[in-house]
Amino acid sequence: MSIRVAVQGALGQMGREVIKAVAAAPDMTLTGGCDARAPENTMSFDGVELFITADVNKCLVKTKPDVVVDFSLASAVPQTAETAARAGVSLVIGTTGLTPQVLARLETLTREFNIGIVVAPNFALGAVLMMELARTAAKYLDWAEIIELHHEKKADAPSGTAIATARMMQAARETPFESPKDETEHKSRGEEFYGVPIHSVRLPGLVAHQEVIFGTVGQTLSIRHDSISRDSFMPGVLLAVREIAKRRGQFIFGLNKLLGF
Ligand SMILES: NC(=O)c1ccc[n+]([C@@H]2O[C@H](COP(=O)([O-])OP(=O)(O)OC[C@H]3O[C@@H](n4cnc5c(N)ncnc54)[C@H](O)[C@@H]3O)[C@@H](O)[C@H]2O)c1
Ligand SMILES: O=C(O)C1=N[C@H](C(=O)O)CCC1
């Protein structure tokens, strides 16, 4: 049976890419779109005619999706998730910048309303591997910093990927990472998450990139991933839709869990 999919943030850079990917997926039916900037009617997306509205509830009632894919803004996610949950609709959430409190509420919604929710800060396979390799290296190398580089329109910093990477790296260790002891002069060193300094670069020409650099005596190890176009995220998004459509009651954080890492 075809999985019915609606897209929240449909007019955004990622929303438009998801619309194309879902429309081309043989086992999915694109039902509708939602976006704060949407007109109240149908729109053509590269030849795909789609009902679109600014009202998420209207989108759900009218188009009856099984799954909503959300690439919008962190502040919009709670309302979208509550509305979808009450309608019994599962969610795939790629939006970053979600607080621990919002994540905890999303987990509760899965049990309260028997829906499935996947939240993943990065749907690119290479990025998931980069995070897994960083997790492994973190067990052996005591110094590490992260540089994440994104396009200039990104709303949040640091990236969700960088924060999740730092968390995975620290969780793999028994002791905190080492850091310079004598930075007594002017300090401009990014911001530490889980003991790992994260440096954020925002420039036109970039899409989504991250380098994790480890150091120890006489050597460094760099693990780098580059998304050079947004279609890099689409196989991961479609996998998450397929999986969550059959996993009611489950809350899944990270594409790694769906890839069996
Ligand atoms: N998980 C991943 O793999 C991944 C990949 C790329 C981007 N992202 C994240 O996805 C999100 C969107 O990225 P983007 O580049 O598409 O951004 P974008 O600004 O191009 O698009 C966001 C869209 O959301 C809409 N929007 C804003 N507030 C809204 C609201 N209250 N209700 C409904 N719609 C609303 C905007 O009008 C816009 O069209 C960001 O959080 C970004 O970090 C995640
Ligand atoms: O384009 C963005 O914005 C991206 N955000 C994600 C993040 O914050 O980690 C990663 C992919 C691109």
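Because the model is predicted, local features need pLDDT of at least 70 and side-chain atom pairs count only at pLDDT 80 or more, whereas totals for chains, interfaces and linings use all residues.

**Stop one: the two domains.** Colour 3-119 plus 230-258 as domain 1 and 125-227 as domain 2; these bounds come from an automatic or database domain assignment. Their C-alpha centres sit 28 Å apart. Where they meet, domain 1 supplies twelve residues and domain 2 eleven (contact means C-beta atoms, placed from the backbone, within 7 Å). On the domain 1 side, pick out helix H7 (234-244) and helix H8 (255-258), which each give two or more residues. Helices here are DSSP runs of H or I, at least four residues, numbered from the N terminus.

**Stop two: ligand 1.** Select what surrounds ligand 1 and you get 25 residues, with Gly-9, Gly-12, Met-14, Ala-76 and Gly-94 the closest (a residue is near if its C-beta atom, placed from the backbone, lies within 6 Å). Now show helix H1 (residues 13-24): with three residues, helix H1 gives the most to this shell.

**Stop three: ligand 2.** Which residues surround ligand 2? Look for Thr-96, Pro-121, Asn-122, His-150, Lys-154, Ser-159, Gly-160, Thr-161 and Ala-208.

Key. Residues numbered from 1 in each chain as written. Chains lettered and ligands numbered in written order. Contact = placed C-beta atoms within 7 Å.
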